[in-house]
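My plan was to look up a few things and write each one down.

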Amino acid sequence: MSNFPFLSVLTVAPLVGALVVAVLPRRRPELAKQVAFGWSLLVLALSVVMWLAFKTGGDRLQFRESYTWIPQWDARFTFAADGIALVMLMLIAVLVPLVILASWHDAESSKRSIPVYFALLLVLESTMIGVFAAADVFLFYVFFEVMLVPMYFLIGSYGGHQRQYAAVKFFLYSLVGGLFMLAAVIGLWVVGGKTFDWQALTQIDISTGTERWLFLGFFLAFAIKAPFFPFHTWLPDAGGAAPAGAAALLVGVLDKVGTFGILRYCLPLFPEASKWFAPYALALGVIGIIYAALLAVGQNDLKRLVSYTSIAHFGFIGVGIFAFTTQAGTGAVLYMLNHGLATGLLFLVVGMLVARRGSALISDFGGAGKLVPLLAGVLFFAGLASLALPGTAPFVSEFLVLIGTFTVNKPVAVIATLGIILAAAYVLWMVQRTTQGTLNPALTEVEPMRRDLNLREKVVVAPLIALIVLLGFYPKPVTDVINPAVRATMEDVGRTDPAPEVGGVVQEAAK
């Protein structure tokens, strides 16, 4: 089974499904939805088989495939996955079917083709899988750029207020970042012996000055994509304007391409530049945690509030990556997964509330829990998971990041901890203003606000709640997959964990 071309099939399958859905007649939208959902379940089933076939004690990169593409440039269709990529591929496979179910009626008010909407979701799934599965630098760049197209149309054609502005801003920011990366990719090809193969490039020696410039080209692209402060301003606009399902994929998966790219490309390919830039990256991460949390507290738009929480969370991930300890690194990768689950759930639930009320403004709610108690309860759970309540999956990753960072940089860990307090403020404030307190009389006049979660919506939220609780108490199946890849990345950078201190005396590892 390990010889099966999992990654190429997973990349192509959603694209084929998208073509099938797109050519279905517009007068049969239910059929398009059913085909898209069924196709996404096939991708999920194949992903589960791949997860089971992955060997935690095996090679760093597994399921490797390589096919000729542009021989003059030595660019190939090379796919391979380590533990970090595998976790992200599973996140995509889990989220996309749930997003399709949650988006069942999202495209109906746009006056645009419903089959095209669901076809775009499958195209987006294909490009997301490709960007995480690529083991050729040029192939990764192509997927990195192509991934913008379906999301641009999902926001610009099917989004809400100011959708065109948000779509263009999202596209331009990402395109500018991609141009920085393209320059760095070309430079890497020149100094790397005219190859784009990731494994070959990890073995080359680059002069200090050149390495720093190449690192900066990649890092800027990834910092914009993540986004890290101060490159974050596109996300609240895009997240606020996008349909809820597309927004869940935007903050749940697309943004992770930035942090994944740092782990896969910046650190192993430019280890000395990574260490040189680490203090600045840590500073950006800490600023992002505090700054985005403060802005989240002041938001009156539910979707923009959730977008700002994501920027704060990405600050934690950045701190975990550049702390250069396996504990913090594992926490950062686990945070990428858990953030996708928790914030994906939060965005989907917020989307359900907004669809019922017809408004995303917090001031238009108030006491909604009296009308939709189950939906209010799920919102409360998603909020608690977002603020990393013990017993939920984000708590484990956040704890690992802070503990791993504290061993090497106490001031950064202490300042980052303030973000937890601010998270409690903006999450509890959001819940209190929307679902608790005195019932807003205007809500009783909105007929959809009287309908609690239906069966389809329960099917959407139940798997995410189950995963968040399960990984909150038992993350070992995921950390076992992540740990070898994180250790290998730290070895690429040339960093080892500090020896433990007992009574102020550093103990030798042998003791």
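My entries follow, from the whole chain down to single residues.

**Ground rules**

I am reading a predicted model, in which local features need pLDDT of at least 70 and side-chain atom pairs count only at pLDDT 80 or more, while totals for chains, interfaces and linings use all residues. Residues are numbered from 1 along each chain as its sequence is written, and side-chain values use heavy atoms, with hydrogens and water left out.

**Entry 1: the whole chain**

I looked up the secondary structure first. The protein chain has 20 helices and 4 strands. Both are DSSP runs numbered from the N terminus: helices are H or I with at least four residues, strands are E with at least two. Next I checked the radius of gyration, which is taken over C-alpha atoms. The value is 22 Å, close to the 24 Å that the globule rule gives for 511 residues, so the chain is as compact as a globular protein of that length. The rule itself is 2.2 Å times the number of residues to the power 0.38. I also noted the box that the C-alpha atoms fill: roughly 70 × 60 × 40 Å along the principal axes.

How many of the 511 residues count as buried? I found 60%. Buried means under 20% relative accessible area, exposed means over 50%, and partly exposed is in between (1.4 Å probe, protein chains only). The accessible surface comes to about 19100 Å², and 65% of that belongs to carbon and sulfur atoms. These areas come from the Shrake-Rupley method with a 1.4 Å probe.

I then turned to contacts, meaning heavy atoms within 4.5 Å. Among contacts with a separation of 6 or more, 81% come from residues 24 or more positions apart.

I noted 33 positive and 29 negative side chains, with the centres of the two sets 7 Å apart. Lys and Arg count as positive, Asp and Glu as negative; His and the chain ends are not counted. Each charge is placed at NZ of Lys, CZ of Arg, CG of Asp or CD of Glu.

**Entry 2: the hairpin**

I followed strand E1 (residues 62-70) into strand E2 (residues 75-81). The two pair in the antiparallel sense over 6 bridges. Pairing requires that DSSP finds at least two bridges between the strands. Across the pair, Glu 65 stands opposite Phe 79 in E2. Ile 70 stands opposite Ala 75 in E2. The hairpin has 4 residues between its strands, and Asp 74 takes a positive phi near 60°. E2 is mostly covered, with 5 of its 7 residues buried.

Ala 133 lies in helix H4 (residues 114-133). Is Ala 133 buried or exposed? I read 0% relative accessibility, so Ala 133 counts as buried. Leaving aside neighbours within four places in sequence, Ala 133 is in contact with Leu 7, Thr 78, Phe 79 and Ala 80.

Which residues does a cis peptide bond join? I found Ala 226 and Pro 227, with omega about -5°. The bond from Phe 229 to Pro 230 is cis too, with omega near 5°. Pro 227 sits in the loop between helix H9 (208-225) and helix H10 (234-241). Pro 230 is in the loop between H9 and H10 as well.

Then I checked phi. Gln 162 is not a glycine, yet its phi is positive, about 60°. Its place is the loop between helix H6 (148-158) and helix H7 (163-191). Ala 388 has a positive phi near 65° and lies in the loop between helix H16 (373-386) and helix H17 (393-406). At 7% relative accessibility, Ala 388 is buried.

Ser 174 is found in helix H7. Its relative accessible area is 2%, so Ser 174 is buried. Beyond neighbours within four places, its contacts are Glu 145, Leu 148, Ile 224 and Lys 225.

Ala 413 is in helix H18 (residues 410-435) and is buried at 3%. Setting aside neighbours within four places, it touches Leu 402, Thr 405 and Phe 406.
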